[in-house]
Amino acid sequence: ADEYYNSLSECKNINVIRHCNKDQTATSSRHLFQVQILNHDRDKVMQLLNEKKIFPGVHYKNNKSYSPYSQYPSQCDNAEIYSDTLISLPMHVELGIDDARYVANTLRSIIRYD
């Protein structure tokens, strides 16, 4: 998580989602490392990552995308925005620092040159 954060936190078109505020004493387990893709098509970015054998996930979907809620008018504009722009980068116990560095550098190059 630290490698991702250090590599991506200064990127203009990537918003790293924090799980704890800096001043909190709690430490997050960071079982997910989510970033918001800004000014780019999130699905295209995911496709380009897949082509590099990197498989991010989507772990947040707006409730309106589920059929029981689809008929209700949207009252949560931010939920729609996050639903369309968040991805979860690979994060697991077998992911090493070099792997995280590769994912971060690949994502940065896609965002830069997409």
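Strands, like helices, are DSSP runs numbered from the N terminus, a strand having at least two residues. With that in hand, welcome to this predicted model.

Is Gln34 buried or exposed? Gln34 counts as buried because its relative accessibility is 12%, and the cut-off for buried is under 20%. Leaving aside residues up to four places away in sequence, Gln34 touches Asn15, Val16, Ile17, His59, Tyr60, Leu86, Ile87 and Ser88. On the same terms, the contacts of Val35 include Leu8, Ile14, Thr85, Leu89 and Leu107.

**The nonpolar core**

Val35 also belongs to the largest nonpolar core, which has 20 residues. Val35 is one of those with the most contacts inside this core, along with Leu8, Ile14, Leu89 and Leu107. Which elements give two or more residues to the core? They are listed here:

| Element | Residue range |
|---|---|
| α1 | residues 2-8 |
| β1 | residues 14-16 |
| β2 | residues 33-37 |
| α2 | residues 42-51 |
| β3 | residues 86-89 |
| α4 | residues 97-113 |

Of these, α4 brings the largest share, with 6 residues.

Tyr66, Tyr69 and Tyr72 make a nonpolar surface patch of about 330 Å². Where does Tyr66 lie? Tyr66 is in the loop between α2 and α3, the latter spanning 77-85. With a relative accessible area of 37%, Tyr66 is partly exposed.

Technical notes
Residues numbered from 1 in each chain as written. Predicted model: local features only at pLDDT ≥ 70, side-chain atom pairs only at ≥ 80, totals over all residues. Heavy atoms only, no water. Core = buried A, V, L, I, M, F, W, Y, C linked by side-chain atoms within 4.5 Å. Buried < 20%, exposed > 50% of the residue type's maximum accessible area, 1.4 Å probe, protein only. Helix = DSSP H or I, 4+ residues; strand = E, 2+ residues; numbered from the N terminus. Contact = heavy atoms within 4.5 Å. Patch = residues over 30% accessible without salt bridge, like charges linked within 9 Å, V, L, I, M, F, W, Y side chains within 5 Å. Areas by Shrake-Rupley, 256 points an atom, 1.4 Å probe, with all protein chains shown as cover. Salt bridge = Lys/Arg side-chain N within 4 Å of Asp/Glu carboxyl O.
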